[in-house]
Amino acid sequence: MSDSTQPLLKVRDLTVTFGSHRRKLSAVAGISFDIYEGETLGLVGESGCGKSTTGKALMRIVEPSSGTIELEGIELTTKKGKDLRNFRTRMQMIFQDPISSLNPRRRVKDIVAEPLDCWKTVEGAEREALVNDLLSKVGIDPVAYGDRYARQFSGGQCQRISIARSLAMRPKLLICDEMVSALDVSVQAQILNLLEDLKAEYGLTLLFIAHDLAVVKNVSDRVAVMYLGKICEIGPSDTLYESPEHPYTKFLLGAALEADPDSPIHGDVLSGEPPSPMNPPSGCRFRTRCPNATDKCANEEPQLVEIATGHQVACHYPLSTLARK
Amino acid sequence: MSTERKLLVVKDLATTFHTPSGPLAAVGGVSFDLNQNETLGIVGESGSGKTVLSRTIMGLQPRNNVEVSGSVLLNGFEVVGASEKEKRSIWGLEVAMIFQDPMTSLNPVMRIGKQIDEILRVRLGMDRQAAKAKAIDLLDLVGISSPAERYNVFPGELSGGMRQRVVIATALAGSPKLLMADEPTTGLDVTIQAQILNLLEELKERMQMSVVLVTHDLGVVATRTSRIIVMYAGRIVEMGSTREVFARHRMPYTRALLEGSPKVSNPSHTRLLAIPGRPPNMLNLPKGCSFAPRCSFATDRCREERPELEAASEPGHTFACWNPLPVKERASA
Ligand SMILES: Nc1ncnc2c1ncn2[C@@H]1O[C@H](COP(=O)(O)OP(=O)(O)OP(=O)(O)O)[C@@H](O)[C@H]1O
Ligand SMILES: Nc1ncnc2c1ncn2[C@@H]1O[C@H](COP(=O)(O)OP(=O)(O)OP(=O)(O)O)[C@@H](O)[C@H]1O
Ligand code: SF4
Ligand code: SF4
Ligand SMILES: [Mg+2]
Ligand SMILES: [Mg+2]
């Protein structure tokens, strides 16, 4: 649960720009958020809005163009070389494609031990015991399967192996990027339950990136919504899902279909498609598709402001204020 | 029983591939029918045979190493055993298909308008001018703005959602009576998915079509179909009105599928109903019920003998299980 003291991770004005000159693209265009120890922050938004880039920038897999990232009070963006690698063990990332993120020609035990071998933290029997323990924790029998090659495993099993590997260095923060998106429903449920168990056991804090709004709701304490490189709303998941304040959040949630024949079908459907991030609209980035847009929206960029405790929205006309009129 | 004329009657359909590792029964013992103007959903996990079933209904199979048996009666036309030439007379006109991967169903080096033209000219025998005018109408119908200008663009210049609209336009060019839509919104963003599903529903009404909607997305079937088929390992394991199957499913796999999927209305940290294991290897199916290795209700009988579909209390609702879940109380309305 969020704890009112120092956040574990503090991100301020993070931007990531790809390309140069006229083909410049701000995939992440100045976002700020905190993640508190022990919580799960969900990050949702449609394809291309910058979710993965955000995760990769935190890991420094892509270089941020500006902004700051503080983990446990220590600023990471200026760290280099060994110092940076040291900090990387505090954060781990799990990717969408479970099969291609594992080396098919390595044995499962060696894959899980990759970070241990890289850091030479443990060796010999101790290493073996730790790897076996990790594999058992994710539900893979180390004796029967530890010596097999990754290519012999299904998507769900590969995702279990990725989880085991990510836990080897006992990270504080786990970044999960679409980690169940490629899995079948029956396997997805196993992995989501496993993740919740391990989170409790290892005291993990999670950034859970996904486009599936139901999955995100099930795992997150708080949720941030992105649109075209910006955060438009962030708040406790129940509040955000029940009474969204940003028009985009409302459309996004309205488009999610509940697996229940009695649930209402799509209400208002958002028309059009997101504009190109190469050439984002002035002012509010959502204004070209927003039914409530005014001139102010074209001229002034709305900033993320707190509208209720822990609930922030970047809109000149939050929905609850419109309703009151 | 309904006296409505059936548009599609499928009986005991089986599709087996002869692979180097032995026979693979991708679809087996499938029987169902479809009314005019009905939307039927087919759900199941990856590899359960949804695409093979749809393609078999269309009469689209690889030339070699495949065996199809049973019957597919489409508006009076027997698809199984028909020659390529005979099938060409129904493709596009009686039945059309939207394929799972939108990129493969459009020719990347051909302008989108020309691709629709071609169908109109070849299938409907229209002349160049009429075909072009109709193609522009169709682009307009599927919600492509400035259709006359967009007529000349290549598929690669369009977003995924726009491409899917073009795919729908090509499928509808010959005003088919049945549209087989295989995962028509998979890979699209939810707001675009909503647009496409609304479009399909609107076109279905307008053109008086029947639609078979194949998907692994339970939200889509729950809200967009009137009847559903649940598949597991190439067979129908439960079938009935969507409402009935969601509310009163009897087969344990159906329950795992429906209750194991996260819901938007769930509170945070909801424990999901998870079943162990994963779908079986289709080359090596268990002898009795294919779900037995993962089923907590399995008995010896399940491992020996395959359960056939039997009737539940609501007409049209059937399930295949030796130890079905108890009948849920009907909520008193
Ligand atoms: N290495 C790169 N070079 C150039 N552009 C990139 C690169 N990586 C991402 N982008 C662009 O940055 C934007 C954000 O991409 P990102 O992958 O972060 O989106 P996302 O929200 O993760 O989308 P998805 O849901 O499809 O995974 C997109 O417009 C994408 O095309
Ligand atoms: N041409 C083929 N030759 C051999 N086996 C095939 C062929 N096409 C499909 N299969 C097999 O038939 C089974 C059913 O495949 P199918 O594509 O119908 O599944 P699906 O339910 O559509 O799955 P998905 O949700 O992944 O699309 C799978 O085991 C698949 O590997
Ligand atoms: S700032 Fe204006 S355009 Fe942007 S979401 Fe709010 S009302 Fe719509
Ligand atoms: S027949 Fe047996 S194994 Fe199959 S679903 Fe029913 S109880 Fe389970
Ligand atoms: Mg991504
Ligand atoms: Mg398929």
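Modeller: A polar contact here is a pair of N or O atoms within 3.5 Å; within protein, one of the two must be able to donate a hydrogen and the other to accept it, and residues adjacent in sequence count only if both atoms are side-chain atoms. This is a predicted model, where local features need pLDDT of at least 70 and side-chain atom pairs count only at pLDDT 80 or more, while totals for chains, interfaces and linings use all residues. Residues are numbered from 1 along each chain as its sequence is written, chains are lettered from A and ligands numbered from 1 in the order in which they are written, and side-chain values use heavy atoms, with hydrogens and water left out.

Colleague: OK, ligand 2 then. How many residues surround it, and which are the closest?

Modeller: There are 15 around ligand 2, and the closest are Ser46(B), Gly47(B), Lys50(B), Thr51(B) and Val52(B). A residue counts as near if one of its heavy atoms lies within 4 Å of the molecule or strand in question.

Colleague: Which backbone atom lies 3.0 Å from an oxygen of ligand 2?

Modeller: That one is an N or O atom of Gly49(B). From the side chains, an N or O atom of Lys50(B) sits 2.8 Å from a ligand 2 oxygen, and a polar atom of Thr51(B) is 2.7 Å from one.

Colleague: How much of ligand 2 does the protein cover?

Modeller: 67% of the 630 Å² of accessible area that ligand 2 has on its own. Those areas come from the Shrake-Rupley method with a 1.4 Å probe; for residues, only the protein chains shown count as cover.

Colleague: Which elements give two or more residues to that shell?

Modeller: In chain B, strand E1 (6-19), strand E2 (22-35) and helix H1 (50-58). H1(B) has the largest share of the ligand 2 shell, with 3 residues. Helices (H or I, at least four residues) and strands (E, at least two) are DSSP runs numbered from the N terminus.

Colleague: Switching to the magnesium. What are its protein donors?

Modeller: Thr51(B) through OG1 and Gln100(B) through OE1, at 1.9 to 2.4 Å from the ion, which is ligand 6. Thr51(B) is in helix H1 of chain B and Gln100(B) in the loop between strand E6 (95-98) and helix H3 (102-105) of chain B, so the pair ties together parts that are 49 residues apart in sequence. Donors are N, O and S atoms within 2.8 Å of the metal (3.2 Å for Na, K and Ca); water is not among the atoms, so sites may look incomplete.

Colleague: How exposed is Thr51(B)? And Gln100(B)?

Modeller: Thr51(B) is partly exposed at 26% relative accessible area, and Gln100(B) is partly exposed too, at 40%. The scale is buried under 20%, exposed over 50% and partly exposed in between, with a 1.4 Å probe and protein chains only.

Colleague: Now chain A. Which polar contacts does ligand 1 have there?

Modeller: Among them, a polar side-chain atom of Ser47(A) lies 2.7 Å from a ligand 1 oxygen. A polar backbone atom of Gly48(A) is 2.8 Å from an oxygen of ligand 1, and so is an N or O atom in the Lys51(A) side chain.

Colleague: What lies 3.0 Å from the backbone nitrogen of Tyr248(A)?

Modeller: A polar side-chain atom of His246(A). The His246(A) side chain also has a polar atom 3.2 Å from the backbone oxygen of Ala314(A). His246(A) is buried at 3% relative accessible area, in the loop between helix H9 (237-242) and H10 of chain A.
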